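Q: I'm new to this structure and would like a close look at one part of it. Could you walk me through the salt bridges and the helices that hold them?

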Amino acid sequence: MQGREPVNEQMVANMYTSMRTELNQIYSKITELEMEVSEHSLVINAIQPLDPTRRCYRMIGGVLVERNIKEVLPAVQRNKEGIEEVVARLNEALEKKKKEIADFEAKYKIRMRKADSDMKDEEGSKKEGGSQGVLVGPAGSAD
């Protein structure tokens with residue numbers, strides 16, 4: 001929508017609403033990914049002190065595969081780092097969008113009438129399927 005000048009008040013309102021929606025979507029995605037980072041940290045902390053040859057199970061693309069901790073731990077750490085990079089990029093995008101909205105508000109003299117609705121419910125954050133999990137088998141049960 002950038003680059004086009006709105007021709008009337010309705011178009012200004014529509015553009016502003018669209019920008020606010022994009023901002024809320026970025027907030028939601030950041031929250032979702034921060035939860036994934038937290039889950040990865042829990043897994044790393046749980047399996048790090050264990051015997052590296054101990055059996056564990058990992059969900060990869062919906063398939064549960066048997067591995068050992070020394071194979072799974074580096075992969076989980078890499079995934080966590082990748083998610084953290086995405087969160088950092090989303091935070092940059094969030095700041096750019098906030099500035100864009102502030103500039104738009106100043107240009108068209110937009111003021112909010114009541115408290116901002118930053119506390120939107122995040123229904124889209126309950127995604128299933130695409131996540132990867134790790135399950136550690138009982139100690140000493142080598143078959």
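A: Let's start with aspartate 103 and lysine 99, whose side chains meet in a salt bridge, 3.1 Å from N to O. By salt bridge I mean a side-chain nitrogen of Lys or Arg within 4 Å of a carboxyl oxygen of Asp or Glu. Side chains of opposite charge can pair when their charged atoms come close. Aspartate 103 and lysine 99 are 4 residues apart in helix α2, so about one helical turn separates them. An α-helix has 3.6 residues a turn, so residues three or four places apart point the same way. Helices here are DSSP runs (H or I, at least four residues), numbered from the N terminus. As for the surface, lysine 99 is exposed, at a relative accessible area of 52%, while aspartate 103 is partly exposed, at 42%. The cut-offs are under 20% relative accessible area for buried, over 50% for exposed, and partly exposed in between (1.4 Å probe, protein chains only). Elsewhere, salt bridges with shared partners link Glu22, Lys97 and Glu100 into one network.

A word on the source: this is a predicted model, where local features need pLDDT of at least 70 and side-chain atom pairs count only at pLDDT 80 or more, though totals for chains, interfaces and linings use all residues. Residues are numbered from 1 along each chain as its sequence is written, and side-chain values use heavy atoms, with hydrogens and water left out.

Back in helix α2 (residues 69–107), lysine 98 and glutamate 95 sit 3 residues apart, about one helical turn. They form a salt bridge too, with their closest N and O atoms 3.7 Å apart. Lysine 98 counts as partly exposed at 34% relative accessibility, and glutamate 95 also counts as partly exposed, at 47%.

What about α1 itself? With 39 residues at 1.5 Å a residue, α1 should span 57 Å, and its end C-alpha atoms are 58 Å apart, which agrees. That expected span is 1.5 Å times one less than the number of residues. At the start of α1, asparagine 8 has a side-chain oxygen within 3.1 Å of the backbone nitrogen of glutamine 10.

And the overall count? Searching the whole structure turns up 7 salt bridges.

Terms used. Helix = DSSP H or I, 4+ residues; strand = E, 2+ residues; numbered from the N terminus. Polar contact = N/O pair within 3.5 Å; in protein donor to acceptor, adjacent residues only side chain to side chain.
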